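User: I would like to go through this model with you, beginning with the aromatic side chains. Please keep the answers plain.

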Amino acid sequence: MARSPCDLRLLLLAAAVAFIYIQVRLFASQSHHAERLAEAFGTGKVREQMHQPAALHDRSGQHAAGEDCCTRRDEDTPRRGACAAQDLIQDLEKRSLQTLVNKNVVPVAAVIIMACNRPDYLQQRTVESILKYQKTVASKFPLFISQDGTNGEVKKKALSYTQITFMQHVDLEPVRTERPGELTAYYKIAKHYKWALDALFIKHNFDRVIILEDDMEIAPDFFDYFEAAAKLLDNDKTIMAVSSWNDNGQKQFVHDPKALYRSDFFPGLGWMLTKPTWMELSPKWPKAYWDDWVRLKEVHRDRQFIRPEVCRTYNFGEHGSSMGQFFQQYLEPIKLNDVHIDWNSEDLSYLKEDKFLIQFGEDVASATPLHRSDALLKAHNMNVDVRIQYDDQGDFERIARHFGIFEEWKDGVPRAAYKGVVVFRYKSSPRRIYLVGPDSLHQLGAKQG
């Protein structure tokens, strides 16, 4: 017997009601999980040791290494509470990540925003800037916010973004500095970075990760830049990381938005590394000052870093762990690129070590050499590329101070230098000024003109 149209409508109505009921129950279950998680953190029973094993799981959820606190659930009530909260964190994080990653697209890199206690910075500028340009490439660049600590406003704002997976690192152990008077913040930051990168590379098994901070804006071509650079990073083992930052990227020192360089100095501030590199760094990660540690020659081991001439990130964080150090002189005047470059159509093979060494050496050697005490005065009055030799660190600092570029060195390397050479534009023009070390031309294999 054929069913009447009325019967079919009743069946469809019943199916719709059942579907709505299931969705409401799922939403209620997720809300219940979130409330229980918040309660666990609020009790102060969640410690870093609870989170640490989460970084030692592979994508299937099995342990890769280490001892999970939840294998000892029967020891005491606080540990049972911590383990329950850990289970909730992993469950919520897994659900969130599954909704963001397209199984048909292999991600270029996970993008992680490192946050702590600055909710206004995070929401008003950083996240909005990133989401503005990430929407069209979301499956290639899944987003994460990793919060260090328990600031409620930061957590609330991070969880308000459905496009972002939230991670939380809570360490209630007292910080023991190695020297009297040190800021504990640098120790907390280093520990947070290790925890977060272990989670993304080991637990979630990403091939590459881009690290941002909660006081950064990005350029329109930020994601295209890193997608193109990923190929270079994978194929050239003499490159340790790719950065979006130029320490001498102030408006008056840059001109060409397409220009990229190799550098012996780690720039940081928006950078990408690969899983093999992290697996090398993770076991020996320092207790504090992680960025200066990466700049040590014994750590980067003759590998270089790719940096742009015009920055792809802008750091607006005047108030933070560094107390606004150098902000007005060096950070505030930074030029953030505003031109969209189709990086995937650009040939970046010139950045391979052998090619770049030759070409950069020729450029330096062909620049007009300036000598004697009036070299600095002549540099302002000539209309060609020039090179000025410095004798040692003190001499470099004197010349750098004259032009207004960064004076700082780390482990014998000036900021932004390659083979001892620091290059910048003169008053935003195409003219280049090369500050050249006493042995730079020899290192470049270039003949002195």
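User: Are Trp-285 and Trp-293 buried or exposed?

Analyst: Trp-285 and Trp-293 are both buried, where buried means under 20% relative accessible area, exposed over 50%, and partly exposed in between (1.4 Å probe, protein chains only). Please note that this is a predicted model, in which local features need pLDDT of at least 70 and side-chain atom pairs count only at pLDDT 80 or more, while totals for chains, interfaces and linings use all residues. Residues are numbered from 1 along each chain as its sequence is written, and side-chain values use heavy atoms, with hydrogens and water left out.

User: Which aromatic cluster do they belong to?

Analyst: Trp-285 and Trp-293 form one aromatic cluster together with Tyr-193, Phe-266, Trp-271, Trp-278, Trp-290 and Phe-305.

User: How many aromatic pairs are there?

Analyst: The count is 28 aromatic pairs. Rings of Phe, Tyr and Trp (its six-membered ring) pair if their centres lie within 6.5 Å; planes under 30 degrees apart count as stacked, over 60 as edge-to-face and the rest as tilted. Phe-222 and Phe-223 are edge-to-face, because their ring centres are 5.1 Å apart and their planes stand at 85°. The rings of Trp-285 and Trp-293 are 5.5 Å apart between centres with planes at 70°, so this pair is edge-to-face.

User: And what is the accessibility of Phe-222 and of Phe-223?

Analyst: Phe-222 has 0% relative accessibility and counts as buried. Phe-223 is buried with a relative accessible area of 3%.

User: Which charges lie over rings?

Analyst: Arg-125 lies over the face of Phe-316, 4.0 Å from the ring centre. The charged end of Arg-431 sits over the ring of Tyr-426, at 4.6 Å from its centre. The criterion is that NZ of Lys or CZ of Arg is within 6 Å of the ring centre and within 35 degrees of the ring normal.

User: Changing topic: how many disulfides does the structure hold?

Analyst: The structure holds 0 disulfides, a disulfide being a pair of cysteine sulfur atoms within 2.5 Å. As for individual cysteines, Cys-116 is partly exposed at 32% relative accessible area, whereas Cys-311 is buried at 0%.

User: What about the nonpolar cores? Which residues have the most contacts inside the largest one?

Analyst: The largest nonpolar core has 64 residues, and Ile-145, Val-242, Met-272 and Phe-360 have the most contacts inside it. Helix α7 (residues 222–235) gives the largest share of this core, 9 residues. Another core lies apart from it, with 29 residues, among them Met-114, Phe-206, Trp-285 and Val-299. Such a core is a set of buried Ala, Val, Leu, Ile, Met, Phe, Trp, Tyr and Cys residues joined through side-chain atoms within 4.5 Å.

User: What does Ile-145 touch?

Analyst: Leaving out residues up to four places away in sequence, Ile-145 touches residues including Ile-113, Leu-122, Val-127 and Phe-166. Contact means heavy atoms within 4.5 Å.

User: Where is Tyr-350 found?

Analyst: Tyr-350 is found in the loop between α11 (327–331) and α12 (353–366), helices (H or I, at least four residues) and strands (E, at least two) being DSSP runs numbered from the N terminus. Tyr-350 is partly exposed, with a relative accessible area of 31%. Not counting residues up to four places away in sequence, Tyr-350 touches Lys-258, Ala-259, Leu-260, Lys-355 and Phe-356.

User: Finally, how many helices and strands are there in the protein?

Analyst: The protein has 15 helices and 16 strands. Of its 449 residues, 50% count as buried.
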